[in-house]
Amino acid sequence: MRNHITDYLLLLLLALMWSASFTLIKVGVATIGPVTLTAARMTVAAAALAVCLAIRRTGIPLHRRAVLLYLVVGFMGNTLPFILIGWGETRIDSSLAAIMMGVMPITTFVLAHYFVPDEPMTARKVFGICLGFGGLLTLVGWSALAGVGEHALGQLAVLAAAVCYGVTTVFVRTQPTFAGVQMGAGVTIVGMATSVPLAFVLEAPLSMTPAAAGLAAAVLLGLFPTALASMIYFRVIRNLGATTFSQLNYAIPVFGSLWGVMLLGELLQLRMLAALGLVLAGVYFVQSKIAGRA
């Protein structure tokens with residue numbers, strides 16, 4: 001079995017980009033509505049990937065399976081969960097939302113067992129999933145569970161987003177793949193086409209007066225956690241599997257806390273390092289024994 005070091009490094013890069021996006025979103029929504037910010041980042045991402053395709057003098061495949069991939073991932077993997085999480089976090093604490101998002105790896109694990117022949121459910125993987133979830137609880141603390149039962153609609157929105165991500169991840173794993181930039185372009189175009197009309201219906205973006213920092217945040221969100229991440233996303237799922245990729249969801253809050261230490265001067269706490277250790281151990285055990293040794 002070939003060594004997947006490059007793929008694990010790309011998985012780490014995804015975790016770093018997606019965890020940093022929470023800081024950028026916080027800056028953006030200060031002067032831009034959440035749906036409008038989603039539409040802006042998808043538009044920037046679609047434009048960036050279209051430029052990449054133009055430089056490479058290639059287009060995106062438009063056969064039936066490719067279009068289905070764009071529609072499912074563009075809407076269920078981008079527009080819908082972005083809006084659900086943003087709406088849900090206006091009603092529940094971010095720490096409780098992080099725990100709710102921990103449903104995503106569990107959903108992916110169960111669905112992969114039934115729909116991906118080479119990702120069966122094993123005791124080793126169950127142990128890895130438990131370690132990852134334990135790392136998440138270590139980071140946010142058991143006190144975050146105190147809010148369970150309150151603001152049920154907000155919690156259901158975040159849970160629905162987590163399930164959307166899980167279903168999308170398994171779906172991508174079962175589909176034929178082609179160049180990452182082509183898949184990323186198709187997906188972000190669908191994301192743009194679905195989020196822009198929603199922004200005009202729900203928020204009247206032309207009446208907003210975004211600050212320069214908000215506009216910069218929208219551009220950065222579009223270029224890195226959306227455009228670049230979308231190209232890496234398809235490769236990592238294909239090479240490492242849906243279940244391993246889903247463990248990324250446990251790592252994102254951990255890296256988000258570390259970003260706070262590095263960029264916002266927050267205090268580095270032992271529980272952050274302990275959580276990171278548990279998450280990385282979980283990724284190791286989710287792999288098969290052969291892949292783990294590799």
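**Reading helix packing and salt bridges**

The crossing of α3 and α8 is right-handed.

Colleague: Before we start, what sort of model is this?

Modeller: This is a predicted model.

Colleague: Okay, how do I describe two packed helices?

Modeller: Two packed helices are described by the angle between their axes and the distance between those axes. Here, take helix α3 (residues 64-88) and helix α8 (residues 180-202): they pack at about 50 degrees, with their axes 8 Å apart.

Colleague: What does that angle make α3 and α8 to each other?

Modeller: Angles under 35 degrees count as roughly parallel, and 65 to 115 as roughly perpendicular. At about 50 degrees, α3 and α8 are therefore oblique to each other.

Colleague: Which residues in α3 and α8 meet?

Modeller: On the α3 side, look for L69, Y70, L71, V73, G74, F75, N78, T79 and I83. They meet Q182, M183, G186, V187, V190, G191, T194, S195 and L198 in α8. Sorted by class, this contact has ten nonpolar, eight polar and no charged residues.

Colleague: And α8 with α9, at what angle do their axes cross?

Modeller: Roughly 125 degrees, and the axes come within 8 Å. Angles over 145 count as roughly antiparallel, and 65 to 115 as roughly perpendicular, so α8 and α9 are oblique to each other. α8 passes α9 in a right-handed crossing.

Colleague: Which residues do the touching between α8 and α9?

Modeller: G180, V181, M183, G184, V187 and T188 from α8 meet T226, S230, M231 and F234 from α9. By class, the contact has five nonpolar, five polar and no charged residues.

Colleague: Let's move on to charges. How many salt bridges does a search of the whole structure find?

Modeller: For a salt bridge, you look for a side-chain nitrogen of Lys or Arg within 4 Å of a carboxyl oxygen of Asp or Glu. The search finds three. One of them pairs D7 with R235, with the closest N and O atoms 2.8 Å apart. D7 sits in helix α1 (residues 5-28) and R235 in helix α9 (residues 212-240), so this pair links distant parts of the chain, 228 residues apart.

Colleague: Is D7 buried or exposed?

Modeller: For that you check the relative accessible area, where under 20% means buried. D7 has 0%, so D7 is buried. R235, at 30%, counts as partly exposed.

Colleague: What does R173 pair with?

Modeller: R173 meets D118 in a salt bridge, 2.9 Å from N to O. R173 is in helix α7 (residues 152-173), while D118 is in the loop between α5 (103-115) and α6 (123-140), 55 residues apart. D118 counts as exposed, with 52% relative accessibility. E119 also forms a salt bridge with R173, the closest N and O atoms being 2.9 Å apart. E119 lies in the loop between α5 and α6, 54 residues from R173. At 5% relative accessibility, E119 counts as buried.

Colleague: Which residues do the shared partners join into one network?

Modeller: D118, E119 and R173.

Methods:
Residues numbered from 1 in each chain as written. Predicted model: local features only at pLDDT ≥ 70, side-chain atom pairs only at ≥ 80, totals over all residues. Heavy atoms only, no water. Axes fitted to C-alpha atoms, helices over the stretch in contact; angles between N-to-C directions. Helix = DSSP H or I, 4+ residues; strand = E, 2+ residues; numbered from the N terminus. Left-handed = near helix turned anticlockwise from the far one by under 90°. Contact = heavy atoms within 4.5 Å. Nonpolar A, V, L, I, M, F, W, Y, C, P; charged D, E, K, R; others polar. Buried < 20%, exposed > 50% of the residue type's maximum accessible area, 1.4 Å probe, protein only.
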